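Dear colleague,

Please find the structure below, together with its sequence. My notes on it follow.

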Amino acid sequence: LISNLNDQLEIPNFDDEYRGPVLFLGPSVANLFSNALSTGRERITANDNINKLSGYQYNNELGSMTNKIGNKVMDRSITIKARPRLDTFQGIELLGSFQIDDEGMIPPDELTIIEKGILKELLNNRTLTDSLQKANGFSSGPGVLEIRLNQSDSEEVLKKKLMDAAREEGLEYALIVRDSPGIGFRPVNAYKVSLKDGSEELVKNVILNQSGFRPINDILGASDAYQAVNLSVGSGGGPNPFSGGGVVSFITPNAILVEEIECQPFRMPSLLEDTYVSNPLVKD
């Protein structure tokens, strides 16, 4: 722990505003999809809240995904399946696997959620608040998500595509995220890639502002090699299966190149001390 902390002290802070292509490698790919599929208004879980009036406006914010079934919601290269009963992949145990959900329903062996970018189905529990919903045994979450892309590039080709895309945007550098344990609103380490010679500089405290399907609407490339990653997801209740606690197992490409993500430096908030009552023991 001390060694890791000392190593972090040697890494320069990211101090720029960046909006452009980002190459994700290793476990960071699973983190990218975990955040994209479970946060914001767009998510792969059917909402079980009853719609209500909010002032003069009808509030259907969280239930809108049911109405998008049959429509394109992300890049057409992406197909996503829930495979909750799959227990191993390439010799790795999938810790999110389950045979029966916590409401006593047996899920199907395989449920296609996204097919070539088209939303086909949502994950449901027994609480149905829309005529289009049907219970399918996922009150415990997706368990195992298999994410396939019909693209096949090597890491070297993806890095070249990354640099070419950054040049087209008129950027001074590109970004690579490797093996990062957290994506979204948590700071991560990333590599600034020089567009002149491809050299890389490690920087810390990078915030990748991404939620919902937007970051995966345009994919510039992906590897043909796949990996299994077990992610410990948050705690707490709510209709979102990723926030119910536990583990979700992801099967994803080893690398994926996203066309555009907004990145900002992480700044620790500072609070000024306000005096509400003067200290009676201190003489003026």
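Phenylalanine 98 and phenylalanine 138 are both buried, where buried means under 20% relative accessible area, exposed means over 50%, and partly exposed lies in between (1.4 Å probe, protein chains only). The accessible areas come from the Shrake-Rupley method with a 1.4 Å probe, and for residues only the protein chains shown count as cover.

Please note that this is a predicted model, in which local features need pLDDT of at least 70 and side-chain atom pairs count only at pLDDT 80 or more, while totals for chains, interfaces and linings use all residues. Residues are numbered from 1 along each chain as its sequence is written, and side-chain values use heavy atoms, with hydrogens and water left out.

Aromatic pairs

Rings of Phe, Tyr and Trp (its six-membered ring) are paired if their centres lie within 6.5 Å; planes under 30 degrees apart count as stacked, over 60 as edge-to-face and the rest as tilted. By this rule there are 2 aromatic pairs. Tyrosine 18 and tyrosine 173 form a stacked pair, with 5.4 Å from centre to centre and 25 degrees between the planes. This pair links distant parts of the chain, since tyrosine 18 is in strand β1 (residues 18–25) and tyrosine 173 in strand β10 (residues 173–178), 155 residues apart. Helices (H or I, at least four residues) and strands (E, at least two) are DSSP runs, numbered from the N terminus. Tyrosine 18 counts as buried because its relative accessible area is 4%, and tyrosine 173 because its value is 9%.

Phenylalanine 98 and phenylalanine 138 form an edge-to-face pair, at 6.5 Å centre to centre and 85 degrees between the planes. This pair also links distant parts of the chain: phenylalanine 98 is in the loop between β6 (92–93) and β7 (111–115), and phenylalanine 138 is in the loop between β8 (118–119) and β9 (144–149), 40 residues apart.

Salt bridges

The structure holds 16 salt bridges, each being a side-chain nitrogen of Lys or Arg within 4 Å of a carboxyl oxygen of Asp or Glu. One of them joins lysine 159 and glutamate 200, at 2.8 Å from N to O. Lysine 159 lies in helix α3 (residues 155–168) and glutamate 200 in strand β12, so this pair ties together parts that are 41 residues apart in sequence. Glutamate 200 is partly exposed, with a relative accessible area of 32%. Salt bridges with shared partners join Lys81, Arg83, Glu110, Glu146 and Arg148 into one network.

Which of the two is buried? Glutamate 146 is buried, at 9% relative accessible area, whereas arginine 148 is partly exposed, at 32%. Aspartate 153 and lysine 161 form another salt bridge, with the closest N and O atoms 3.1 Å apart. Aspartate 153 is buried at 14%, while lysine 161 is partly exposed at 30%.Surface charge

Glu168, Glu169, Asp218 and Glu259 gather in a patch of negative charge on the surface. Patches are made of residues with over 30% relative accessible area and no salt bridge, with like charges joined within 9 Å and nonpolar side chains (Val, Leu, Ile, Met, Phe, Trp, Tyr) within 5 Å. Lys and Arg count as positive and Asp and Glu as negative, while His and the chain ends are not counted. The place of a charge is taken as NZ of Lys, CZ of Arg, CG of Asp or CD of Glu. Aspartate 218 is in the loop between β12 (200–209) and β13 (219–222), and at 40% relative accessibility this residue counts as partly exposed.

Backbone and contacts

Glutamine 90 has a phi near 50 degrees, a positive value in a residue other than glycine. Glutamine 90 lies in the loop between β5 (88–89) and β6 and is exposed, at 58% relative accessibility. Asparagine 205, in strand β12, likewise has a positive phi, near 60 degrees, and is partly exposed, at 24%.

Asparagine 150 is in the loop between β9 and α3 and is exposed, at 60% relative accessibility. Asparagine 150 and serine 223 are 73 residues apart in sequence, and their C-alpha atoms are 9.3 Å apart in space. Glutamate 10, in helix α1 (residues 2–10), is exposed at 67%.

With kind regards
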